[in-house]
Amino acid sequence: PSCFGYPLSIFFIIINEFCERFSYYGMKAVLILYFTYFLQWDDNLSTAIYHTFVALCYLTPILGALIADSWLGKFLTIISLSFVYTIGQAVVSVSSISELTDTNRDGSPDNMQLHIALAMTGLILIALGTGGIKPCVSAFGGDQFDDDQEKQRSSFFSVFYLSINAGSLISTIITPILRAEQCGIHSKQQCYPLAFGVPAALMAVSLIVFIAGSGMYKKSKPQGNIMIQVSKCIGFAIKNRFQHRSLKFPKRKHWLDWASEKYDKRLIVQIKMVLKVLFLYIPLPMFWALFDQQGSRWTLQATTMDGSFVAIQIQPDQMQTVNPILIIIMVPVVDTVIYPLIKKCKINFTPLRKMTVGMFLAAMAFVAAALVQVQIDKTLPVFPTANQLQIKIINLGTFEADVKFEPQLYSANLKPLEWTDYVTLEVSEVQSLSIISGNNVINELIMLPGAERHTLGIRNNATHIDPVWLFDNVTSKPKEGKNLIRFMNNLPDILTNVTLGDTSFGTLMPYSVSNYSLFTGGRRENITAINYLAPCSVLSESLGFGSAYTIIINKCSGPDLNVTYSEDIPPNTVHMAWQIPQYFILTCAEVVFSVTGLEFSYSQAPANMKAVLQAGWLLTVAVGNIIVLIVARASTLNEQWAEYVLFAALLVAVCIIFAVMAYFYTYVDPKEVEAQLDEEEK
């Protein structure tokens with residue numbers, strides 16, 4: 001059966017591919033945040049495991065192709081591995097349900113080992129599934145056409161590529177929104193089970209759609225795998241060359257010619273062409289090492305930025321959508337505008353030159369990322385080391401106060417309700433504190449431990465001074481763009497039922513302070529308190545993202561609540577829009593590198609060797625991810641910007657090597673070579 005001149009079975013394959021890519025990219029978009037926030041891993045471990053997973057997803061296609069070509073055939077391979085894939089997605093989804101082991105109902109899992117084991121099992125199954133079907137689906141789609149349908153086949157491949165991008169785009173927008181929802185039985189938190197559950201459901205749909213069309217497919221028998229033949233031939237040549245290594249045997253033109261005793265000339269010539277291309281692949285992993293950090297390092301970078309776009313709140317993992325959106329715009333623009341313009345300028349922009357430019361652009365994208373990182377680092381708070389302490393002074397009284405840390409370490413003059421930033425002092429040097437206010441003077445010795453932050457509250461009036469020491473147990477900037485908030489009661493009255501939004505801070509005794517609580521960033525909530533049965537309330541200010549504040553209650557009478565906001569940790573101020581330039585440059589790099597690379601490979605090798613080249617290409621992606629993994633584990637760089645610069649420098653070096661290799665490469669036309677072989681055989 002056909003529809004618009006296409007085999008009807010094609011529509012099942014395209015819907016199947018859309019659902020599968022939605023499932024894969026949706027899960028992958030929230031993966032790095034799942035590692036850092038749910039499994040509580042640090043950035044480096046999360047990055048390492050993320051890239052191990054991506055590398056696995058690009059290694060398994062070689063396995064999938066072997067299974068399909070030598071044993072099960074494409075149809076059965078797709079069905080059986082999709083089944084494995086669906087189970088993997090479901091297992092990852094289950095691994096993110098904190099209630100599974102949360103016996104004390106505090107909202108965090110009690111047996112983290114179980115969650116980690118489930119997540120890893122699920123990810124291995126997903127890698128097997130997604131990788132195993134990757135080489136089969138597009139080829140299986142190509143098999144559905146007759147030999148006279150060349151035009152339809154090529155337009156099928158462009159629609160197929162579009163469905164991949166559409167699936168990745170829509171899922172990268174939707175799954176972060178699902179993740180940011182609050183859900184849970186006992187305690188509300190980020191909804192990872194939903195963010196992983198929807199991709200799992202779509203994978204099941206993908207499998208059902210594919211099976212539904214099974215009566216219409218053309219299923220070709222497995223024809224043996226060219227990869228196995230190629231490896232055997234190369235192996236035999238090396239073995240034979242080694243056995244004839246003494247000088248009495250005449251040399252041969254090329255080491256592969258040592259296979260001519262056993263293999264026919266055509267295969268040997270074809271393998272030589274493939275090896276020429278694969279040799280050029282050696283520098284390519286470095287490009288993928290940078291490219292695939294969009295989902296890891298760049299997403300972690302976005303978590304330290306401000307995501308408020310006018311009325312909408314952008315999630316850090318949604319920034320990855322910039323890539324597929326730009327791809328959909330850039331591919332046609334580059335093909336119809338940029339390349340023709342370059343041609344008009346009489347520049348011979350060969351495929352290998354395009355790839356060199358692509359590598360250089362990717363390095364520039366990382367320079368841009370490093371510049372953004374430097375700006376972010378300027379906004380990050382500095383915490384005290386083991387032999388330092390930090391003190392912030394607030395004047396809570398009604399008179400001016402002069403504060404000195406002796407011997408002459410630091411002094412400040414504070415008006416009522418004025419405060420200093422955190423002052424860093426060496427523990428060994430601080431001896432005493434003197435406060436002068438009006439006619440009152442107070443001196444006291446101080447002994448404070450290192451590596452801590454403290455707030456010194458000064459209450460004073462006409463007759464006396466009363467210093468209050470508070471311990472600030474915040475040692476890092478709040479994650480996920482959340483805010484830490486605590487209340488200080490600056491009244492002689494007991495305040496009951498102090499709340500911010502839905503969170504209760506309980507009762508605050510006179511001149512006391514509450515503990516910090518975490519809040520979702522960027523929102524304005526009602527602050528309420530009760531003073532002698534009379535409630536008072538006020539709408540809070542928006543406290544940005546990633547900040548910590550002490551809210552001082554100065555007055556609570558009748559409906560009026562008067563508060564002052566004292567900033568302990570500044571909010572994220574660098575806007576997420578600053579990531580767009582680096583995404584734009586990297587997408588330009590992808591367009592000239594990735595699209596050109598595969599076309600070039602196919603144009604330089606005989607048609608029956610495409611599978612070998614595709615395996616080689618996917619292998620470069622896998623090796624690229626392994627490079628990131630090694631750098632993330634072995635790097636001694638403490639600064640993230642320095643790591644970005646390191647990657648950019650490595651890629652520039654590799655880019656120069658590649659340019660030299662490309663310069664010495666001679667382009668061939670496989671059809672001419674085949675024709676020559678046919679002549680000789682006649």
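In this predicted model, Cys183 and Cys191 are joined by a disulfide in which the sulfur atoms lie 2.1 Å apart, and the link is right-handed, with 100° about the S-S bond. Cys183 is partly exposed, at a relative accessible area of 23%, whereas Cys191 is buried, at 5%. A search of the whole structure finds two disulfides, and the other pair is formed by Cys536 and Cys556, whose sulfur atoms are 1.9 Å apart. The link of Cys536 and Cys556 is left-handed, with -100° about the S-S bond. Because Cys536 lies in strand E20 (residues 534–539) and Cys556 in strand E21 (residues 548–557), this pair ties together parts that are 20 residues apart in sequence. Cys536 is buried, with a relative accessible area of 2%, and Cys556 also counts as buried, at 6%.

Counted along the chain, the bonded cysteines follow the pattern 1-2, 3-4. Cys19 takes part in no disulfide, the nearest cysteine sulfur being that of Cys136, 18 Å away; Cys19 is buried, with a relative accessible area of 5%. Cys345 is likewise in no disulfide, and the nearest cysteine sulfur, that of Cys588, is 18 Å away; Cys345, however, is exposed, at 53%.

Four strands form an open sheet of mixed pairing, in the order E10-E7-E13-E14, with strand E10 (423–426) and strand E14 (465–472) at its edges, each pairing on one side only. The twist from one strand to the next averages 30°. Strand E13 (residues 452–460) runs antiparallel to E14 and is joined to that strand by eight bridges; Ile458 has Pro467 of E14 as its bridge partner.

Definitions and conventions
Residues are numbered from 1 along each chain as its sequence is written. This is a predicted model: local features need pLDDT of at least 70, side-chain atom pairs count only at pLDDT 80 or more; totals for chains, interfaces and linings use all residues. Side-chain values use heavy atoms; hydrogens and water are left out. Two strands pair if DSSP finds at least two bridges between them. Helices (H or I, at least four residues) and strands (E, at least two) are DSSP runs, numbered from the N terminus. Axes are lines fitted to C-alpha atoms, for helices over the stretch in contact, and angles run from 0 to 180 degrees between N-to-C directions. A disulfide is a pair of cysteine sulfur atoms within 2.5 Å. Buried means under 20% relative accessible area, exposed over 50%, partly exposed in between (1.4 Å probe, protein chains only).
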